[in-house]
Amino acid sequence: MESDRNNLEKQVEQQTAELQKANEQLKQEIAKRQRAQKALSQRAEGEWVIRVITERIRGSLNLEEVLNTTVAEIRQFLESDRSVIYQIKGNEQAVVVAESVDAAWPSILGVNIASTSFKERIAVYREGKVRAIDDMQQEGFPIAINEYVQQQQVKAALVAPILHGNKFWGVLATHQCSAQRHWEPFEIDLLKQLAIQVSIAIQQSELYQQVQQLNANLEFQVRERTAQLQQSLDFEAMLKRITDDVRDSLDENQILQIVVWELAVGLNIEGCDTALYDSDRATSTIRYEYTLGMPTAQGHLVQMAEFREGYNQLLHGLYFQFCPLGPDIRGTFARLICPIFDDQGVLGDLCLFKPPQEAFNEKEIRLVQQVANQCAIAIRQARLYQAARAQIEALQNLNRLKDDFLNTVSHELRTPVANMKMAIQMLSIALNRDSPFLAELSKPKAEQSKVARYFQILQNECDREIRLIDDLLDLQRLYTEAQPLLLTSIQLQEWLPPIVEPFQERAKNRQQTLLLNIPPNLPRFTCDPNTLGRILTELLENACKYTPPLETITLTVQAVETSHSNLMQLSVINSGVEIPQSELNRIFEKFYRIPSSDPWKQGGTGLGLALVKKLVAHLGGELRVESKNRQTRFTIELPINDLN
């Protein structure tokens, strides 16, 4: 029993020892995890602080504000007694430029220290290494540094270099003054990261200062250039104004007056004049001037030989400026003389005057050259206009002579042609007494006698001549607007069939089909029935003349409503024939006939369509022609104006 109890006690002791050992291992594991968790928490908090400080640094371009924010945040996060930033100035001293310090410890802001102590550490600092000093007494600083550390009551310190490119700018440090302190790795890393951000902020600030300086320089340049730009804008506005004015005028005198006035007033100079050249006589005459108290010289004629050197330059399109040694007709003034020329030669010159001690600058010279170019264009344009106007007047005179001639000839021919017509009729009666001559005329052409054929030719040509004379007289009356309109209300359903009926038999004899399409509900409309009848007669006769056999001619009428008015539309359409597009613009010309388009070889005066177009216009209507797909359509649109 005793041995069993001893064995049991040994087992209990052994298990207790094992439990104690396991408990100790568990405590160690818990402590390890707590340390890891604390490290993670500190690292996360450090990263948060770095992010916050970085955002504040990057959100400001004020270096002083950035440095003060940095030291304040570091001291608060590390719970240290003092955080400072030293800046190395020159090679002799370091200055505390930013500080955050607990009230229990002295401030060192603005304190200067000799930089000799930094010399041995510069190489290390340039590598970006951080110094972590847990106990300042154990570091073995030089005497001067030890005295400074004791004076500032620094027991432990964490120091990170601030590098600006490859340059050692200064250090970021945090001090523990109350006791020695062991610096954790995350604290060292935090200070290193913040030193990098301070370096970035310094670069940003310096760049900002450079930008500010550049802005100041730019503002000065802008102010300097503003006057030049304003002058350029004024010159551009002046040039545009002059260009618009001279281009809008076709009067050479007005052009020259505008130019001299605008230049003298716009440039605020003593005066300006313009001269025109006579190349045959080698003279220059001052045509217009604008001056302020200068002697007048308008109308003055200069022999180019008297100033040969100057005029040689001007005649070659070159400007020059000079000041005469002695007074002349204009007095003693500095002058700019610019030629007015184009690709056809020199027309004249512009002469501008300033006080003798002044000169024309490059911009003024360029402006005057541009004005001279526009002046040359305007003068050429005005002279072309005058020449064209003279030609137009000459052509109008010729046209009046032609019209008078045609009118006179037409009237003079009317009487003899009427006598010829009467004589032909009397001849047919006389011939019919001796033989059945009228019956002979009604026979087919191949069966007629020579006398009948000759008589038929004589009669047809006399009728054609009468139509030509009538068309000429009608056209002349229309061109002179001497033919009045006799307006009346027309009902086309009743009025049109008698107009079309004479052409029905002619179309039938030529194996053509003539159709008339009239809606029963057409409104009445106001028109001159004689003029409208003449128009339709000409179009139907034209259609019968040019339509091939077995094709159709259609006269269609309809009322058309538009947004502006109501129209009566009449269309003459013939199939089997197409007018070439190149001829469509010419068919309304007087005496023009389309070559090789008359299948019946009847000939014509070439005045029918010209007369139709003029008559339609006389009625206030519109005439259109379309020709495609072997079909030609003439469309007349006339306004509907019921007298009732």
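Reader: Hi! Which residues of helix 12 are buried?
Author: Leu-492, Trp-495, Leu-496, Val-500, Phe-503 and Ala-507 are. Buried means under 20% relative accessible area, exposed over 50%, and partly exposed in between, with a 1.4 Å probe and protein chains only. Keep in mind that this is a predicted model, where local features need pLDDT of at least 70, side-chain atom pairs count only at pLDDT 80 or more, and totals for chains, interfaces and linings use all residues. Residues are numbered from 1 along each chain as its sequence is written, and side-chain values use heavy atoms, with hydrogens and water left out.

Reader: Thanks! And what do the buried residues of helix 12 pack against?
Author: Their partners include strand 13 (488–490), strand 14 (513–517), helix 13 (529–546) and strand 17 (566–575). Helices (H or I, at least four residues) and strands (E, at least two) are DSSP runs, numbered from the N terminus.

Reader: Where does helix 12 bend?
Author: At Glu-501, by about 35°, and Pro-502 follows within four residues. That bend is the angle between axes fitted to the seven residues ending there and the seven starting there. End to end, the 18 residues of helix 12 (492–509) reach 26 Å from first C-alpha to last, close to the 26 Å expected at 1.5 Å a residue. The expected span is 1.5 Å times one less than the number of residues.

Reader: What follows helix 12?
Author: Gln-511, with a positive phi near 60°.

Reader: Switching to the largest nonpolar core: which residues touch the most other members?
Author: Leu-492 and Phe-525, out of 40 residues in that core. Helix 13 gives the most to this core, with 7 residues. A nonpolar core here is a set of buried Ala, Val, Leu, Ile, Met, Phe, Trp, Tyr and Cys residues joined through side-chain atoms within 4.5 Å.

Reader: What is Phe-525 in contact with?
Author: Leaving aside neighbours within four places in sequence, its contacts (heavy atoms within 4.5 Å) include Thr-488, Ile-490, Leu-492, Leu-532, Met-568 and Leu-638. Apart from this core lies another, of 34 residues, among them Leu-239, Ala-264, Ile-269 and Ile-379.

Reader: Back to helix 13. Why is helix 13 largely enclosed by the rest of the structure?
Author: Because 13 of its 18 residues are buried.

Reader: New topic! How many salt bridges does the structure hold?
Author: There are 13. A salt bridge is a side-chain nitrogen of Lys or Arg within 4 Å of a carboxyl oxygen of Asp or Glu. One of them joins Arg-181 and Glu-187 at 2.8 Å, N to O.

Reader: Are Arg-181 and Glu-187 buried or exposed?
Author: Arg-181 is buried, and so is Glu-187.

Reader: And which residue does Glu-252 form a salt bridge with?
Author: Arg-383, with the closest N and O atoms 2.9 Å apart. Glu-252 lies in helix 7 (252–266) and Arg-383 in helix 9 (362–434), so the pair ties together parts 131 residues apart in sequence. Glu-252 is buried, at 17% relative accessible area, whereas Arg-383 is partly exposed, at 34%.

Reader: What about Glu-393 and Arg-389, how many residues apart are they in helix 9?
Author: They are 4 residues apart, which means a separation of about one helical turn. Their salt bridge has its closest N and O atoms 3.9 Å apart. Glu-393 is partly exposed at 40% relative accessibility, and Arg-389 is partly exposed at 42%.
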